[in-house]
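Please read the numbered points alongside the model.

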Amino acid sequence: MNLHQQVVEAFQQHFGGEPDIVVRAPGRVNLIGEHTDYNGGFVMPMAINRAMFMAIRYRGDSEVHLLSADFGHGARFDLQEFEYQKPHWCEYIKGVANGLKQRNLPLKGFDAAMLGNVPRGSGLSSSAALELAAAKAFSEVSNFPWDPVEMAVVGQEAENNWVGVNCGIMDQMISSCAQAGHAYLLDCRSLEGEHVPLPEGVKVVILDTATRRGLVDSAYNERRSQCEEAAAFFGCELLRDVEIDTFMAREDELPDLTRKRARHVITEDVRTLAAAEAMKTGDSKKLGALMDESHVSLRDDFEVSNDALNTMVETAQAQPGCLGARMTGAGFGGCAVALVEDAHVDAFVEQVPTAYQQKTDLEPAVYVTEATQGACRYHA
Ligand code: ADP
Ligand code: MG
């Protein structure tokens, strides 16, 4: 039974009767462009074949009744009056409702069963999938037009201001705007994006190290202020605006750590734009090489990798048919992403986890993924 059938069944069992519609919003993996988002730079995520599904039935009133089939319990709130209660999956949905209300969008209530297969907390953005599924649900039920960029911002605000998690805009933008078969080159300053086709003959493989980012907030904030410091040195608000030549001409004047952090961000923007060009010409080898370079930069200059990620990346890179691999996401744990030639994918999926497990004693997860569509009404 696929996820669509399962969520419909969960709805039938919990609420009785049939849902009117089903919506789907995907998780994501970032191919290249890491720690560039809050520097106003470029990222290139793609939506994966794992998503949050919501089976929805309109109600005539202002109440939202929810079942999380994953957690096995429900939650409800009234759209006319609700407030933050405690850390809970329902708060993501309330946060989205709050953002929509602030925009004066008329909201109507619904019953919904939710089921997702984006692994939670591994950096594939189950939270953005949840936020965009919720936004899509409200848009369908309340019948207001779907503005993908605005809805991504609503999702980010829900996460930043309601749930209280500091995140950039990338995850919500890709969960909202993605096009099947394409990655999305996103300018994080203007929020303008371009759909870039994935090269033929290769698969994107996600490798979960089974390590989780701990104590990441302080390191993240430290990186952010180092980036701000470097931008200020060059008289810019964001590192995005520092040209690589300008940087190279004066980098010696910067303190060692600040220089390394800035070098990562500035070169990563260059690599991300180059990756988009490579994809447009179908040059998967070049794309892979840029992913390898990105990893080295994140490991040595930005220093956000960990032993497990480095081992996973090296194990992947040593496999036949692997064109490139890197850590993906904020770092300090979570997932790596690899580009693998079709003919070698089966062997890759078999070999890499075994080799990784032998080296680390950790049990990894592997997902071969396609690029899927952003948040939408789902037709089976
Ligand atoms: P991620 O890296 O996966 O986005 P987060 O910590 O940002 O990790 O978000 C995970 C949280 O999102 C969960 O703790 C839960 O509150 C919510 N969430 C994610 N997936 C689901 C789901 N399938 N059902 C209910 N809540 C979910
Ligand atoms: Mg998240």
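This is a predicted model: local features need pLDDT of at least 70, side-chain atom pairs count only at pLDDT 80 or more; totals for chains, interfaces and linings use all residues.

1. A residue is called buried when its relative accessible area is under 20%. Asp-301 has a relative accessibility of 11% and therefore counts as buried.

2. When neighbours within four places in sequence are set aside, the residues in contact with Asp-301 are Lys-260, Arg-261, Arg-263, His-264 and Val-296.

3. The overall division of the protein comes next. According to the domain assignment, domain 1 comprises 3-197 and domain 2 comprises 202-369. The C-alpha centres of domain 1 and domain 2 are 26 Å apart. Contacts between them involve 32 residues of domain 1 and 42 residues of domain 2.

4. How much area is buried between domain 1 and domain 2? The value is about 3,200 Å², and carbon and sulfur atoms give 62% of that area.

5. Lys-280 and Glu-194 form a salt bridge through their side chains, with an N to O distance of 3.0 Å.

6. Which strands each supply at least two residues of the side of domain 1 that touches domain 2? They are strand S1 (21-30), strand S2 (42-43), strand S3 (45-58), strand S7 (182-187) and strand S8 (193-197). S3 gives the largest share of that side, namely four residues. By residue type, the side of domain 1 that touches domain 2 consists of 15 nonpolar, twelve polar and five charged residues.

7. Salt bridges may also be considered for the structure as a whole. Side chains of opposite charge can pair when their charged atoms come close. The structure holds 26 salt bridges. In one of them, Glu-157 pairs with Arg-103, and the closest N and O atoms are 3.0 Å apart. This pair joins distant parts of the chain: Glu-157 is in helix H4, whereas Arg-103 is in the loop between helix H2 (90-102) and strand S6 (110-116), and 54 residues separate the two. Glu-157 has a relative accessible area of 25% and is partly exposed; Arg-103, with a relative accessible area of 24%, is partly exposed as well.

8. Glu-140 pairs with Lys-136, the closest N and O atoms being 4.0 Å apart. Is Lys-136 buried or exposed? Lys-136 has a relative accessible area of 8%, so this residue is buried.

9. The pair of Glu-268 and Arg-326 should be read together with its partners. The side chains of Glu-268 and Arg-326 form a salt bridge with an N to O distance of 3.9 Å. Distant parts of the chain are linked by this pair, with Glu-268 in helix H8 (residues 256-280) and Arg-326 in strand S10 (residues 322-327), 58 residues apart. Glu-268 and Arg-326 are both buried. A network of salt bridges links Glu-34, Glu-268, Arg-271 and Arg-326.

10. The backbone calls for a remark on phi. Most residues other than glycine have a negative phi. Asn-143, which is not a glycine, has a positive phi of about 60°. Asn-143 is located in the loop between helix H3 (126-142) and helix H4 (148-163), and its relative accessibility of 66% means that Asn-143 counts as exposed.

11. Another positive phi is found in Ala-210, a residue other than glycine, with a value near 65°. Ala-210 sits in the loop between strand S9 (202-208) and helix H6 (216-233). With a relative accessible area of 34%, Ala-210 is partly exposed.

Technical notes. Residues are numbered from 1 along each chain as its sequence is written. Chains are lettered from A and ligands numbered from 1 in the order in which they are written. Side-chain values use heavy atoms; hydrogens and water are left out. Buried means under 20% relative accessible area, exposed over 50%, partly exposed in between (1.4 Å probe, protein chains only). Domain bounds come from an automatic or database domain assignment. Contact means heavy atoms within 4.5 Å. Buried area is the accessible area (1.4 Å probe) that two parts lose on being put together, summed over both. Ala, Val, Leu, Ile, Met, Phe, Trp, Tyr, Cys and Pro count as nonpolar, Asp, Glu, Lys and Arg as charged, and the others, Gly among them, as polar.
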